[in-house]
Amino acid sequence: MKIAFAGKGGVGKTSLAAWTADWLARNGKNVWMVDADTALSLGSASGLSLEELPEPLICREDLVRDRIHAGGFLNLNPDVGDLPEALGVDLPLIGEPAPGVTPGRKRLIVMGAVTNAGGGCACDANALLKALLAHIVMDRDDWVLVDLEAGVEHLGRGTVAHVDGLVVVSEPSMRSLQTGAEVGRMASDLGLTNQALVINRYMGGEPPKLDGLPQWSVQIPPLDGLVERQMTDASVLGLPETGVLDATIEKVLNKLGL
Ligand SMILES: Nc1ncnc2c1ncn2[C@@H]1O[C@H](COP(=O)(O)OP(=O)(O)OP(=O)(O)O)[C@@H](O)[C@H]1O
Ligand SMILES: [Mg+2]
């Protein structure tokens, strides 16, 4: 019930995380979406305006200091149990819930980048981010979707240890697939072997057999509805192609056995 989305930059990780969360909520599941990226775009992609976006945890110096230096000591195992409720903001459900289903709740936590905690207290902020990520991934019964930073640097045990499934997102290009293979290999080395590959903007052809690249794959075509709209609207939800996306997401979740 915990899924991470990883892959090269710009391949569609955030979009797919937003589509998946909306599908789950429309099918009655409660979802926590965790934006662990620098670009902070998961909220916008899910239909929040810039004013509605929550402040990233990484910018909350007060919180970081309080938790990490509680009692005057450096605490690398800080208490974060209350943070999901305190930091999560509700996201609107887009589209109709499945027939006869009471929609679930979609909540967003913006953490900021795990590897890239800026400012003077990078280590402190990083420790808190990792603790929160581990907590939310370990202790929650709800669905948790983690939108990871592009690339492979963040793929440490802290981020993947308690994740049940990894969605590797790639464009149909060799360089993007090579990054996908690297992500897949690193995650497998860390014990996360339950993986699926989503080839986004797929136009035809067979993906190459690269060591580490998940064998099982589905494709998403270029979406005209998204291309037409994205100049004026940051949301990727409520597209005319929602039916195609829903069917693809269902396949991915089935493959991951979740
Ligand atoms: N199938 C598609 N058809 C058309 N446009 C798409 C498709 N998938 C994603 N996009 C667009 O491509 C851009 C990049 O997508 P997205 O932000 O989801 O990628 P990302 O992997 O999260 O990027 P980053 O590494 O910067 O976080 C967005 O403008 C998105 O709307
Ligand atoms: Mg992104």
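Student: Which residues of S2 are buried on one side, and which on the other?
Tutor: This is a predicted model, so every value is computed from it. On one side of S2 sit Val31, Met33 and Asp35, and on the other Trp32, Val34 and Ala36; all are buried.

Student: What makes strand S2 (residues 31-36) largely enclosed?
Tutor: Buried means under 20% relative accessible area. Six of the six residues of S2 pass, so the strand is largely enclosed by the rest of the structure.

Student: How do you know that S2 is paired with S4?
Tutor: Two strands pair if there are at least two bridges between them. S2 and strand S4 (residues 106-110) have five, and they run parallel. Val31 faces Lys106 of S4 across the pairing.

Student: And what joins S2 to strand S5 (residues 143-148)?
Tutor: Six bridges, again in the parallel sense. Met33, for one, has Leu145 of S5 as its bridge partner.

Student: In what order do the strands of the sheet stand?
Tutor: The order is S3-S4-S2-S5-S1-S6-S7-S8, in an open sheet of eight strands. Strand S3 (89-90) and S8 are called edge strands because each has a single partner strand, which leaves one side of each without a neighbour in the sheet.

Student: Which strands pair with S6?
Tutor: S1 pairs with S6 in the parallel sense over five bridges. S7 does likewise, parallel and with five bridges. Ala4 stands opposite Leu166, and Val167 stands opposite Ala196 of S7.

Student: Which residues of H7 are buried, and what covers them?
Tutor: Ser176, Leu177, Thr179, Gly180, Ala181, Val183, Gly184 and Ala187 are buried. The cover includes strand S1 (2-7), strand S6 (165-170) and strand S7 (195-200). Just after H7, Gly191 takes a positive phi of about 100°.

Student: Why is Thr14 called buried?
Tutor: The cut-off is under 20%. Thr14 has 15% relative accessibility, so it counts as buried. Thr14 lies in helix H1 (residues 13-26). Beyond its neighbours within four places in sequence, Thr14 is in contact with Ser41, Leu42, Ala45 and Asp147.

Student: What makes the pair Thr14 and Asp147 a polar contact?
Tutor: The limit is within 3.5 Å for a pair of N or O atoms. The side chains of Thr14 and Asp147 are joined at 2.6 Å, and the pair qualifies.

Student: Which residues come nearest to ligand 1?
Tutor: Lys13, Thr14, Ser15, Arg201 and Gln230, of the 18 residues around ligand 1. Thr14 places a polar side-chain atom 2.8 Å from an oxygen atom of ligand 1. The side chain of Gln230 has an N or O atom 2.6 Å from an oxygen atom of the ligand. Asn200 has a side-chain N or O atom 2.8 Å from a ligand nitrogen atom.

Student: How much of ligand 1 does the protein bury?
Tutor: Taken alone, ligand 1 exposes 630 Å², and the protein buries 80% of that.

Student: Why is Arg201 called partly exposed?
Tutor: Buried is under 20% and exposed is over 50%. Arg201 has 39%, so it is partly exposed. Arg201 lies in the loop between S7 and strand S8 (217-220).

Student: What stands out in the phi of Arg201?
Tutor: Most residues other than glycine have a negative phi. Arg201 is not a glycine, yet its phi is positive, about 60°.

Key
Residues are numbered from 1 along each chain as its sequence is written. Chains are lettered from A and ligands numbered from 1 in the order in which they are written. This is a predicted model: local features need pLDDT of at least 70, side-chain atom pairs count only at pLDDT 80 or more; totals for chains, interfaces and linings use all residues. Side-chain values use heavy atoms; hydrogens and water are left out. Buried means under 20% relative accessible area, exposed over 50%, partly exposed in between (1.4 Å probe, protein chains only). Helices (H or I, at least four residues) and strands (E, at least two) are DSSP runs, numbered from the N terminus. Contact means heavy atoms within 4.5 Å. A residue is near a molecule or strand if one of its heavy atoms lies within 4 Å of it. A polar contact is a pair of N or O atoms within 3.5 Å; within protein, one must be able to donate a hydrogen and the other to accept it, and residues adjacent in sequence count only if both atoms are side-chain atoms. Accessible areas come from the Shrake-Rupley method with a 1.4 Å probe; for residues, only the protein chains shown count as cover.
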